[in-house]
Amino acid sequence: MDNTGNPQGILMPPVEGVAGGGTAYGWSDGSLNTSTLPKRSIDPTEVPTADLVDVWCMLSTANVGPQEMPRRLEPINLLAARNERESVQIAMRPKISWGGSGVAGIVQVFSGDLCSTSGDRLVVGQSLRLRRVVPILGVPDALVPLDLPVSQINLLPGETTAVWVSIDVPNMQPPGQYEGEIIVTAIKTDAESSTQYLGRAEKHQIFKELKSCLDIMENVDEKPLDEVVERVKSATASLKRVTQSPSFSEFYSENGSIDVMDEDAFSNLSVRVKIMLTVWDFTIPVTPSLPAVIGVSDTVIEDRFGVEHGTDEWFEALDEHFKWLLQYRISPYFCRWGDGMRVLTYTCPWPADHPKSDEYFSDPRLSAYAVPYRAVSSGDAAKDYLQREVEILRTKAHWKKAYFYLWDEPLNMEHYDSVRSMSSEIRAYAPDARVLTTYYCGPNDAPLAPTTFEAFVKVPSFLRPHTQIYCTSEWVLGNREDLVKDIIAELQPENGEEWWTYVCMGPADPHPNWHLGMRGTQHRAVMWRVWKEGGTGFLYWGANCYEKATVPSAEIRFRRGLPPGDGVLFYPGEVFSSSHEPVASLRLERLLSGLQDIEYLKLYASRYGRDEGVALLEKTGVYQGPERYTHDHMPIDVMRGEVYNLCRS
């Protein structure tokens, strides 16, 4: 696959309000591969799709903007462990118009299962998902789900459209080589080619789906229960795809029928994107090795979705967000800010004696959870609330995951004294409780040392024993990785003290962060930096902190005064469709990829030592420092391939 950037010699104007580093945002003077078809009415059922549309593949770190120029189509080759998600992009750009009403034309995208030679499958709709990349402020970011196994996409004249393809490999998936295809076909924009007949291609596809169900369910008598369950799920998904295929659209669809072409057209005119995936015998741990705690504003949910705090609808809305976010290997906490940056944080909206509490905190995908300092709901506002919560939670095996996050970035003695006071109350009930404090400076009205940085370094000695997780801003370090040793030297790990880090408004470009418009590798490098510097956890202040709105479908507006994208990692589904499921950003997917990279590095370090793991990160050119990391995807594949070659059993 061609991984090069834009054509050499092309300058890109800046995008207002967006940090540098992206590619192809709205301008390019590269030459188009124009079609040689005559300018007349075009019937896409009689013309190869390749003559109408350029189709090519881009890797997951590419920012594919509307003016991304076509490349040569090559097969997709991916490597994934079990319990890992790997992603790639398929880009499409019309060469000529065959549609009307302002669109260049419509393409139909068909996705099939990925199959191994031994008959194992990665099933569409379960393991394989497609999402359309939608620009936010002109920058590709939102990933809007597409229908499966068949969807239709409108292509606009002179613009590139990207589809994000994600493959989730289940925990129990047999290792091996898996292959499949995604088929792109230009179709008519009217209804004349709707499902008026069942061609041989469709009959053959339905036959294969039904036969696969029989194959999957044969000889299950001696199989372990968990494998039988997986086979039933797979067979159910196949049957569901059959019933939802275009051939039966008249029985279920209220949105019009789907264009289906006869066998010859389907075979000879479509563009076939081949996917080859190697699943290897390493399983990424269900519980993330590094806790990444991410804030979700409950007040934003209340305002936008019109749910009143403490009602059944409120609990349901928070529950849906929590469950959805767990797939990204992060540990969500809900939050609301008070005076002076006092913050109420909680992972579970129900009290500790509610059955939901154990369900949340015992989930193996959750690596850390926030315990509220005071009652979340007014119905639990008893004087002994904190004592009661702590006494219940301390008896649980999951108590080791618990932490209290009380104040966001204390600045003066009053703030620091508040942290000390609240921590003292907590520790009176639970001497082994962990308190997390984020900070980027010492108290500004009582300097702890002659210089600002020295005062920053001395915060642990000032807060001890009232904080156990010292969470510092990466902005403070700048590009001085050597300063890390000064921070760590002040900690007492033998007494349970940890060093975590966070990003927010800073650091700015070119340092790793999750601002909109930064390079894809810049987003992914946030976690490379954490691992190389030796942090044992990570915090991000907000994933849904957009401007206030009172309608779910209201336009997304980033908060004034913040870099675009800061505090926003997903969007309400209602902004893009009738779906209520949140819509992930590219940046959230790259956060996940970075956390998965940490598991690869941790595996390598467990075999060869941490120093060799750091050396691997550096020698492959993936990450050397906050201003020296790869801008291209290839070194990432080299690093992961090295782990695969040296650590597989």
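Me: What makes strand β14 (residues 331–337) count as mostly covered?
Reply: Five of the seven residues in β14 are buried. Buried means under 20% relative accessible area, exposed means over 50%, and partly exposed is in between, with a 1.4 Å probe and protein chains only. The strand itself is a DSSP run: strands are E runs of at least two residues, helices are H or I runs of at least four, and both are numbered from the N terminus.

Me: Before we go on, what sort of model is this?
Reply: It's a predicted one, where local features need pLDDT of at least 70 and side-chain atom pairs count only at pLDDT 80 or more, while totals for chains, interfaces and linings use all residues. Residues are numbered from 1 along each chain as its sequence is written, and side-chain values use heavy atoms, with hydrogens and water left out.

Me: How do you know which strands β14 pairs with?
Reply: Two strands pair if DSSP finds at least two bridges between them. Strand β13 (residues 292–297) runs parallel to β14 and is joined to it by five bridges, with V296 opposite F334. On to strand β15 (residues 343–346): four bridges link it to β14, in the antiparallel sense, and R336 has L344 as its bridge partner. Both counts reach the cut-off of at least two, so both are pairs. In the hairpin of β14 and β15, five residues sit between the strands, and G340 there takes a positive phi near 65°.

Me: Why are β15 and β16 (369–370) said to stand at the edges?
Reply: Start with the strand order, β15-β14-β13-β21-β20-β19-β18-β17-β16, which is an open sheet of nine strands with mixed pairing. β15 and β16 each have a single partner strand, so one side of each has no neighbour in the sheet. Further along, β17 and strand β18 (residues 435–439) run parallel and are joined by three bridges, with F404 opposite V435. Helix α10 packs on the sheet, touching β17 and β18, and its direction makes about 155° with that of β17. That angle is taken between N-to-C directions on a scale from 0 to 180 degrees, using lines fitted to C-alpha atoms, for helices over the stretch in contact.

Me: What makes E409 stand out, and is it buried or exposed?
Reply: E409 sits in the loop between β17 (402–408) and α10 (413–429), and it has a positive phi of about 55° without being a glycine. Most residues other than glycine have a negative phi, and most peptide bonds are trans. As for cover, its relative accessibility is 17%, so E409 counts as buried. L137, in the loop between β7 (128–136) and β8 (139–145), is another non-glycine with a positive phi, near 55°.

Me: How do you know whether the G506 to P507 and D509 to P510 peptide bonds are cis or trans?
Reply: Look at omega: it's near 5° from G506 to P507, which is cis, and near 15° from D509 to P510, cis as well. P507 lies in the loop between β20 (498–503) and α15 (520–533), and P510 is found in that loop too.

Me: Why is R524 called buried?
Reply: Its relative accessibility is 2%, which is under the 20% limit, so R524 counts as buried. This arginine lies in helix α15.

Me: What makes the buried residues of α17 (residues 610–619) a single face?
Reply: G613, V614, L616 and L617 are the buried ones. Seen down the helix axis they fall within an arc of 155°, so they line one face of α17. The arc is that of the directions from the helix axis to the C-beta atoms. On the side turned away, α17 carries the exposed residues D611 and K619. Cover for the buried residues includes α15, α16 (586–608), β24 (623–625) and α18 (634–647).

Me: How many disulfides are there, and what would count as one?
Reply: A disulfide is a pair of cysteine sulfur atoms within 2.5 Å, and a search of the whole structure finds zero. As for individual cysteines, C441 is buried at 13% relative accessible area, and C504 counts as buried at 17%.

Technical notes. Contact means heavy atoms within 4.5 Å.
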